[in-house]
Amino acid sequence: GPPRCPPGMRRFTWEEIAQRTGRGPAADERWLVIDRKVYDISRFHRRHPGGSRVISHYAGQDATDPFIAFHLDKTLVKKYMSPLLIGELAPDQPSFEPSKNKKLVEDFRELRATVEKMGLLKPNRAFFLLHLCHILVLDVAAWLTIWYFGSSTVPFLFSALLLGTVQAQAGWLQHDFGHLSVFSESKWNHWVHKFVIGHLKGAPASWWNHLHFQHHAKPNCFRKDPDVNMHPLFFALGKKLSVELGEQKKKFMPYNHQHKYFFIIGPPALVPLYFQWYIFYFAVQRKQWVDLAWMLTFYIRFFLTYLPLLGVKGILGLHLLVRFIESNWFVWVTQMNHIPMHIDYDKNVDWFSTQLQATCNVHQSLFNDWFSGHLNFQIEHHLFPTMPRHNYWKVAPLVKSLCAKHGVEYQCKPLLTAFADIVYSLKDSGELWLDAYLHK
């Protein structure tokens with residue numbers, strides 16, 4: 001039978017817990033459940049090391065699976081948790097919301113245990129060291145190109161291409177550290193993360209963590225996943241939200257043309273016109289001085305090494321061109337896994353289904369692995385965010401068979417098809433919006 005609670009523990013039902021989301025009648029109360037235990041995070045969420053929003057997205061819900069997925073050192077985390085414990089589920093209550101697929105949740109937890117037993121969460125340091133070395137070699141090669149061949153058009157463009165590759169690949173590498181997948185201790189990952197994203201890319205680690213952990217907790221959930229925040233101001237995303245927008249007669253942009261203007265305000269613009277400026281605002285506004293110091297080392301090094309070769313105008317031109325190349329690379333790769341998938345408000349489905357309905361994969365090849373930083377295995381990455389990326393291919397067959405068993409779609413496609421699907425899905429949701437806007 002269900003585990004007995006120790007005497008003196010308060011007992012709760014799912015109905016009571018579901019009301020403590022921080023919204024509605026109990027607006028100041030946020031509770032969540034981990035392994036049948038009920039925790040009150042109403043005040044703690046502000047001090048949560050992973051960020052206030054990411055933990056709040058699970059208020060009123062069972063958070064066992066994301067808790068296990070995100071935290072490396074469970075014993076350390078339990079010290080933070082014991083003062084927040086207010087009770088547990090009543091013995092007659094199921095271990096997670098009755099609306100969730102019981103067998104699927106149990107099967108996924110079994111898969112998680114298998115993954116740990118197989119050692120698939122253990123990183124191969126040499127893999128990440130080699131990856132870092134190939135980035136540094138390209139960085140030096142870019143400088144040597146202009147130093148040796150001069151700053152005429154061809155070497156200038158070749159050098160920009162090398163530096164754009166450095167930025168994209170350092171982007172994938174900082175992602176590994178940000179997800180705590182390189183060292184077995186959190187603090188080492190965080191420290192090296194600050195170096196890779198700060199000194200090699202000129203961006204703040206705190207900004208990336210703030211956005212990216214939310215995305216992983218609730219992918220494609222409108223108002224919870226910051227990656228779909230361009231709905232509704234710039235794009236109408238997903239079938240459901242686009243129809244809703246049309247029915248509300250809202251038109252911030254001519255969404256029926258969004259598959260065309262995506263090519264202007266999407267890939268070329270995101271990094272040079274938005275990220276590049278917003279990261280400084282973010283670091284200063286949140287008083288992230290350590291991150292800001294790391295960022296400045298990137299810009300100072302770039303300035304000092306290229307100024308003698310290019311002068312001020314040349315430096316600015318090179319920097320913008322590099323950000324432009326990086327931006328196109330980054331946007332196509334990061335959007336291909338999520339934009340064509342299911343997008344809606346958070347419906348609190350189980351962890352496995354939450355990740356699978358929002359994510360698709362791209363075929364495996366040496367080039368695809370390198371080009372996308374192994375995000376062609378986005379499904380596996382989303383199910384096991386702390387897994388080092390050189391192990392995704394090993395767990396993929398197990399994930400596929402779990403999908404087959406439960407009739408969950410596991411989408412995998414060629415790289416160029418994945419790019420094209422971004423555009424087709426924007427065209428579809430734009431047309432759905434227009435139809436609802438005109439006729440509903």
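Trainee: Which hand does the crossing of α5 and α17 have, left or right?
Mentor: The crossing of α5 and α17 is right-handed, meaning that the near helix is turned clockwise from the far one by less than a right angle. This is a predicted model, in which local features need pLDDT of at least 70 and side-chain atom pairs count only at pLDDT 80 or more, while totals for chains, interfaces and linings use all residues. Residues are numbered from 1 along each chain as its sequence is written, and side-chain values use heavy atoms, with hydrogens and water left out.

Trainee: Where are those helices, and at what angle do they pack?
Mentor: Helix α5 covers residues 102–117 and helix α17 covers residues 392–406, and they pack at about 165° with their axes 11 Å apart. Because of that angle, α5 is roughly antiparallel to α17 (over 145 degrees, between N-to-C directions of lines fitted to C-alpha atoms). Helices here are DSSP runs of H or I with at least four residues, and strands are runs of E with at least two.

Trainee: Switching topic, how many cavities are there?
Mentor: A search of the whole structure finds two cavities of 30 Å³ or more, a cavity being a set of points on a 1 Å grid where a 1.4 Å probe fits but cannot get out. The largest cavity holds about 70 Å³ of space, and D62, D65, K100, D350 and W351 lie nearest its centre among 13 lining residues (those with an atom within 4 Å of a point). The elements giving two or more residues to that lining are α3 and α5.

Trainee: And what lines the second largest cavity?
Mentor: The second largest cavity, with about 50 Å³ of space, is lined by residues including H215, D225, D227 and H338.

Trainee: What about the second largest pocket, what volume does it have?
Mentor: The second largest pocket has a volume of about 1,100 Å³, where a pocket is an open set with protein on both sides within 12 Å along at least five of seven lines. Its lining has 45 residues, and H48, P49, G50, G51 and H71 lie nearest the centre.

Trainee: Which element gives the most to that lining?
Mentor: Helix α9 gives the most to the lining of the second largest pocket, with six residues.

Trainee: Which residues does UniProt list for the cytochrome b5 heme-binding domain?
Mentor: The unreviewed UniProt entry lists residues 9–90 for "domain: Cytochrome b5 heme-binding", though such annotations may be inferred rather than shown by experiment. Over residues 9–90 the chain is 30% helix and 20% strand, with the end C-alpha atoms 10 Å apart.

Conventions:
Points joined across faces, edges and corners; volume = space filled by probe spheres on them. Axes fitted to C-alpha atoms, helices over the stretch in contact; angles between N-to-C directions. Parallel < 35°, antiparallel > 145°, perpendicular 65-115°, else oblique.
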